[in-house]
Amino acid sequence: MGISGTGKSTVGKLVSKRMNLPFYDGDDYHSAVNVAKMASGQPLNDEDRAGWLDSLCGLIREQNAAGKIPIVACSALKTAYRDKLRSAADELYFIHLSGSRELIEQRLVQRAKDTDHFMKATLLDSQLDALDDPGAEAGTLTLDVVKPPDVLSEKVFQYLQPKFD
């Protein structure tokens, strides 16, 4: 979890590969309307995110019912969003990827140059404004994304592996 540009997908894929668990990018579950809204520079509100969160909850339940433990990269910016996601599984852990505004802005600007990702740097402030820092919420590990993805994924592995033994 974390604001756009923190490396959720990159780190999630590395952890998925290391732990041999399925990976899902929450961005793939946004409606076309939500994607168009963000692409036009408009931030999503709670109402916009409700269906998206329902889809992610359904994915988590579906995977758990099949005996799988999914890794899902999604912003989960607000406590209420995380609580909703927690309702989908008996055990759910959040890895909060966090970094300085300057670093994240640089990443978003570079991503815009490299790809046509719908989430632009102009929405950074809206993401920061919406973020309820999970702090010491149970089942949450916060990592500073100044470290490289392989180091972050190793820290995530060390955090999660004992929970699945």
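User: What makes the crossing of H3 and H4 right-handed?

Analyst: The crossing of H3 and H4 is right-handed because the term applies if the near helix is turned clockwise from the far one by less than a right angle, left-handed if anticlockwise. This is a predicted model: local features need pLDDT of at least 70, side-chain atom pairs count only at pLDDT 80 or more, and totals for chains, interfaces and linings use all residues. Residues are numbered from 1 along each chain as its sequence is written, and side-chain values use heavy atoms, with hydrogens and water left out.

User: Why is H3 called roughly parallel to H4?

Analyst: The axes of H3 (residues 46-65) and H4 (residues 79-86) cross at roughly 25° and come within 9 Å. Angles under 35 degrees count as roughly parallel, over 145 as roughly antiparallel, 65 to 115 as roughly perpendicular and the rest as oblique, so H3 is roughly parallel to H4.

User: Why is the pair of Tyr 93 and Phe 164 called edge-to-face?

Analyst: The ring centres of Tyr 93 and Phe 164 are 6.4 Å apart and the planes stand at 85°. Rings pair if their centres lie within 6.5 Å; planes over 60 degrees apart count as edge-to-face, under 30 as stacked and the rest as tilted. The pair is therefore edge-to-face.

User: What makes Tyr 93 partly exposed?

Analyst: Tyr 93 has a relative accessible area of 26%. Buried means under 20%, exposed over 50% and partly exposed in between (1.4 Å probe, protein chains only), so Tyr 93 is partly exposed. Phe 164, with 34%, is partly exposed too.

Methods
Axes fitted to C-alpha atoms, helices over the stretch in contact; angles between N-to-C directions. Helix = DSSP H or I, 4+ residues; strand = E, 2+ residues; numbered from the N terminus. Phe/Tyr/Trp six-rings, centres within 6.5 Å; stacked < 30°, edge-to-face > 60°.
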